[in-house]
Amino acid sequence: MAIPRKDSLLVPYSMNMNERINATPAIYGLTPDQGSKYLALHEVYVAAVEVLDLTRANGDQSQSLTAARNTARKNLLDYARMIYASVQKNTEISDADKILLGVHIIGRPTAVKPPAVAPATTIKKVAGQTVTVSIFDPTSSTKRRKVKDAIGAWVYSFVGENYPADPALWQFEGTAGKHTFDVTIPNAPPGARVWLCARWVTRKGETGPMSMPISTYLQCGGVTVQADLKLAA
C-alpha cells in the first residue's frame with residue numbers, strides 16, 4: 001500500500017507511523033531527530049484537519065483553513081514518503097516491522113534502476129530567508145528535464161560556513177517535482193551561508209547520487225538574483 005492522501009485515512013496512518021518511529025527509531029534505520037521532525041509535521045497537520053472539520057461542521061467553508069490544511073498535508077506527505085522509501089528499501093528491517101509501519105513489502109527486485117547521474121543545481125534568486133534553486137538533468141540541452149524514471153528530486157540544506165560530509169547532518173527540505181524549488185530557512189539569521197544539494201528519486205523510492213553542494217547567503221531584505229554559483233572547494 002502507498003501512503004493515503006485522504007484525511008480520514010491519512011490521519012490514522014500518520015498517527016501509527018509517528019508513534020512507531022518515535023518509540024523505536026533505530027528499528028527503522030532512523031534517528032531521534034528524524035522522528036522529532038516527523039512529530040512536528042504530524043501535529044501541525046492533525047491540528048489543521050481538526051480545525052477545518054470543526055469549521056465545516058458549523059457550515060463555514062473556509063478557504064484559508066483549507067489552504068492551511070493542504071500545506072500541512074503536503075509537508076507531512078513529503079517527509080513521510082522519504083521515510084517510507086527509506087524503510088521500504090532497507091533490507092536490514094524485517095518484513096514484520098515494515099508491515100507494522102504500513103510499508104508495502106517489495107516482492108521482487110524492481111527492473112527500474114536508480115538514477116546514475118546527479119542533478120545539476122543553480123541558485124536562481126534569494127529573497128530574505130528563501131532561496132530558489134533550479135534543478136535539472138545536466139545531460140539535457142533544455143536544462144529542464146528530469147532524468148529517466150525520476151519523479152523529482154529530494155532537496156537538502158545546511159546552514160554554516162562549511163558543509164558536512166556526513167549526510168545525516170543535512171536537513172531534508174522536500175521533493176522538487178518541477179524545475180525550480182523554494183527552500184525557506186526560518187531560523188537562520190540574515191547573512192547566513194546556506195548550502196543546498198539534491199538527488200533524483202524514482203517512484204519506487206530509489207535514489208541517485210547527491211549533487212555537488214552549492215551555496216549562497218540569506219538576505220536582509222529585497223531580492224538578489226544569483227549570477228554565479230558558489231561551489232564547494
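Analyst: Happy to! This is a predicted model, and the protein averages a pLDDT of 89, with 91% of the residues scoring at least 70.

User: What makes K74 and D78 a salt bridge?

Analyst: The cut-off is 4 Å between a side-chain nitrogen of Lys or Arg and a carboxyl oxygen of Asp or Glu. For K74 and D78 the N to O distance is 2.9 Å, so the pair qualifies. Both residues lie in helix 3, four residues apart, about one turn of the helix.

User: Why is K74 called partly exposed?

Analyst: Buried means under 20% relative accessible area and exposed means over 50%. K74 has 46%, which falls in between, so K74 counts as partly exposed. D78, at 11%, is under the 20% limit and therefore buried.

User: How do you know that E161 and R193 form a salt bridge?

Analyst: Their N to O distance is 3.7 Å, which is within 4 Å, so the pair counts. E161 lies in the loop between strand 3 (150-159) and strand 4 (171-176) and R193 in strand 6 (residues 193-202), so the bridge ties together parts 32 residues apart in sequence.

User: And why is R193 called buried?

Analyst: R193 has a relative accessible area of 15%, under the 20% limit, so R193 is buried.

Definitions and conventions:
Residues numbered from 1 in each chain as written. Predicted model: local features only at pLDDT ≥ 70, side-chain atom pairs only at ≥ 80, totals over all residues. Heavy atoms only, no water. pLDDT = per-residue confidence, 0-100. Helix = DSSP H or I, 4+ residues; strand = E, 2+ residues; numbered from the N terminus. Buried < 20%, exposed > 50% of the residue type's maximum accessible area, 1.4 Å probe, protein only.
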